[in-house]
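The structure comes first, followed by the terms and the details.

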Amino acid sequence: MRALDPDAAGSRLARGGSDLPDTNVTYHDQPMLKRPRWGIEVITYLFLGGLMGGTGMLVGIAGRSKLAGDVALTQRARFVALALATACPPVLIKHLGRPERFLNMLRVVKLKSPMSLGVWGLVGFSGAAGLASAGELVRMGVLPRGLRFLVGPPGLMNVPLLVMGAFIAGYTGVLISATAIPLWGAGKRHIPAMCVCSGMAGACALNAAIAVAAPGDNAATVHRLEQLEALASIAEAAIILHFERASGHYGTPMFTGERGAKLRRWTLGIGIGLPLLINAPSLFARGKHHEGRANTLKTLLTSALTLAGGYVLRETLIEAGKGSADDPIAASRQPE
């Protein structure tokens, strides 16, 4: 039997895991790990989870402000958080195949299982978002005022949403990094951090887009959201670039070839760089921020670009993980 040929295995990985001609394939070139069978449902679940967690953090941050625009942002963000929390379980159930599999995950709490803690975190976040939204409906007169004793005073759920939002945003990264897939294992510190930053940037973009479409003078609030989005996006880009340098051979499936080019083009370029470039003239400007059709279109455009870049980041992580599972060298030399 031929000795292990790192160059041959590496070239196979660079071509996206395609098989070498039969004359070059040996036992050592065969994948040691089973490819994750994760598709668009998991990518969407991770993306929505990041937005949900980021929106929860926004509720906790903006809820401390007494400015009229920020108060309105907090009220809307509570409903957005509930909508995202409602959308996540069906996507997860679609991936699992049968609803009872989701219910079976709620039978026990496994402290050493990221999936178990994540599902319970989703339940806890949904409960807090539901109570916060119910409180808003009571104050709006949609629900009977007699329910006030059940929902509590305004802002009661702000801190729980902040804490659980940070947990959910990070959990989406922990979920995939706590595996035997070499790329994901190498990113056990980077992937959760980039998911938190991407989730916050996406949540700012989503809520800014909603704010510009809402009635009232929300220009100052949108401006602050764009500033926070810019900071989160810069941190996200820094983490991605540092992960590229630190991952070494393990990062090959994510940062090389067509997949790496797509990550740089959509996440780093279109999703982070272009919104920063468009918003640069106004990001740190002082004084009154004017509403107008041009500013509305700018916010909607940059928000869409940020959200698209965040989705491609999750897609790249999942698809690159599949390519990493095909690399026998990386699998035999698991990252520390």
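Buried means under 20% relative accessible area, exposed means over 50%, and partly exposed lies in between, with a 1.4 Å probe and protein chains only. The model is predicted, so local features need pLDDT of at least 70 and side-chain atom pairs count only at pLDDT 80 or more, while totals for chains, interfaces and linings use all residues. Residues are numbered from 1 along each chain as its sequence is written, and side-chain values use heavy atoms, with hydrogens and water left out.

**Aromatic pairs**

- The structure holds four aromatic pairs; rings of Phe, Tyr and Trp (its six-membered ring) pair if their centres lie within 6.5 Å, and planes under 30 degrees apart count as stacked, over 60 as edge-to-face and the rest as tilted.
- One of them is the stacked pair of Trp 38 and Trp 184, at 5.5 Å centre to centre with 20° between the planes.
- Trp 38 sits in the loop between α1 (6-14) and α2 (40-62) and Trp 184 in helix α8 (residues 182-186), so this pair ties together parts 146 residues apart in sequence.
- Both Trp 38 and Trp 184 are buried.
- Phe 167 and Tyr 171 are stacked because their ring centres are 6.3 Å apart and their planes are at 10°.

**Helix α7**

- Phe 167 and Tyr 171 are four residues apart in helix α7 (residues 158-177), so about one helical turn separates them; helices are DSSP runs (H or I, at least four residues), numbered from the N terminus.
- Phe 167 is partly exposed, at 37% relative accessible area, whereas Tyr 171 is buried at 5%.

**Arg 265**

- Arg 265 belongs to helix α12 (residues 257-283) and is partly exposed at 45% relative accessibility.
- Its C-alpha atom is separated by 9.8 Å from that of Val 312, 47 residues apart along the chain.

Terms used:
Helices (H or I, at least four residues) and strands (E, at least two) are DSSP runs, numbered from the N terminus.
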